[in-house]
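Dear colleague,

Please find the structure below, handed over for your reading.

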Protein chains: 2
Amino acid sequence: MAGQHTLDETERQVQARLGDLQIDFEAMAVTSNLFRAANAVRNYLERTVLAEHELSWTAFVVLWVVWIWEPVESRVIAEEGGFSKATLTGVMQTLEGRGLITRTRSSKDGRLVLVKLTAKGRKMMKQLFPDFNKGESLAVADLKRNDLGSFADLLRAVTVTVESQRTN
Amino acid sequence: MAGQHTLDETERQVQARLGDLQIDFEAMAVTSNLFRAANAVRNYLERTVLAEHELSWTAFVVLWVVWIWEPVESRVIAEEGGFSKATLTGVMQTLEGRGLITRTRSSKDGRLVLVKLTAKGRKMMKQLFPDFNKGESLAVADLKRNDLGSFADLLRAVTVTVESQRTN
DNA sequence: AAATAATCGTTCGGGTACGAACAGTTTTAA
DNA sequence: TTAAAACTGTTCGTACCCGAACGATTATTT
């Protein structure tokens, strides 16, 4: 990863470019490390566990949500996964083409699409998820077990704060 | 975001599908919330601060790294930003086309490309970064100021752990 | 010095990723 | 009960995003 430059060095360079303007360096460090961590974990799992099944990260998240909550509406998948409906449509077309999910229009509400796993998709998840979870476990292996709960809480608080800012 | 289903519900559903297989639910909660948070912050900043300057997240990261460390080699930008060289090439073509950066081949080592900001790029960053930082500040506004340091450390530890797993 | 290996940035192909605009459906207002 | 508003998923256009393969350059072996 970075490692090239220390945090102190970075702070000095920022101040040199902005004069005496006040900058929230603590917040900067959090978001910077947030994206590094998310990227690192994602790339690692994509290169290892997911590559064996030719799945992208988002494709896996879609399968996971459907696996747990099927039958589930598209709208819910997008919310749970944290991506847009437009992205979801494309990913689901790929997954449907590979015979891992099915989409059927709801008879109760013609606007909704209900998504389920196929037998093939279910079989894949049953085999894949334990390996995926081992990867997750490894990612936090160097942290104190005791810290994991509050760590998750901090992350969740950031999400809640930011999403309360939405204008719609 | 999620909110639809509680963590307990999710755990029950996972166990129902995997029988008595042991799952690290704490690690699962951390990675799940890690991606939700990163996605939420990224989408928020893209929709607000970055949209005003027609910049994508990655484009901003590239500009930021170059702003701080110019002149800087492409390789370093990719490492600092946490994305691949292939991605970087495309983004830099866009930025160069908009007259925000310049690329010149190193005279000392013909393999390297040195990247700098143009005056236009520098002006944009000086105006943009304070607003961006306000967004970062807002994202952690509901957290105790005291927790920010250890929060950043936890995130960094995850990155270090995962990246030590790389095979190359 | 010549062959080999390592490094760097680009290209290629396929799959995301988004906002905006859209058409179809359902709900709400008037 | 029409008319207006809200909602859902898709399409469109543009911009990422990655691994793999590649050509060019430099470093290392022998």
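Is A:Phe151 buried or exposed? A:Phe151 is buried, because 24 other C-beta atoms lie within 10 Å (buried means 20 or more other C-beta atoms within 10 Å of its own, exposed 12 or fewer, partly exposed in between, with C-beta atoms placed from the backbone).

This is a predicted model, in which local features need pLDDT of at least 70 and side-chain atom pairs count only at pLDDT 80 or more, while totals for chains, interfaces and linings use all residues. Residues are numbered from 1 along each chain as its sequence is written, and chains are lettered from A and ligands numbered from 1 in the order in which they are written.

A:Phe151 sits in helix 7 (residues 148-163) of chain A; helices are DSSP runs of H or I with at least four residues, numbered from the N terminus. Leaving aside residues up to four places away in sequence, A:Phe151 touches B:Val30 and B:Leu154 (contact requires C-beta atoms, placed from the backbone, within 7 Å).

Turning to the helix pair, the axes of helix 2 (residues 25-50) of chain A and helix 2 (residues 25-52) of chain B come within 9 Å and cross at roughly 125 degrees. Axes are lines fitted to C-alpha atoms over the stretch in contact, and angles run from 0 to 180 degrees between N-to-C directions. The contact involves residues of both helices, among them A:Leu34 and A:Phe35 of chain A and B:Leu34 and B:Phe35 of chain B.

In helix 3 of chain B, the buried residues include B:Trp64 and B:Trp67.

With kind regards

Key: Helix = DSSP H or I, 4+ residues; strand = E, 2+ residues; numbered from the N terminus. Contact = placed C-beta atoms within 7 Å.
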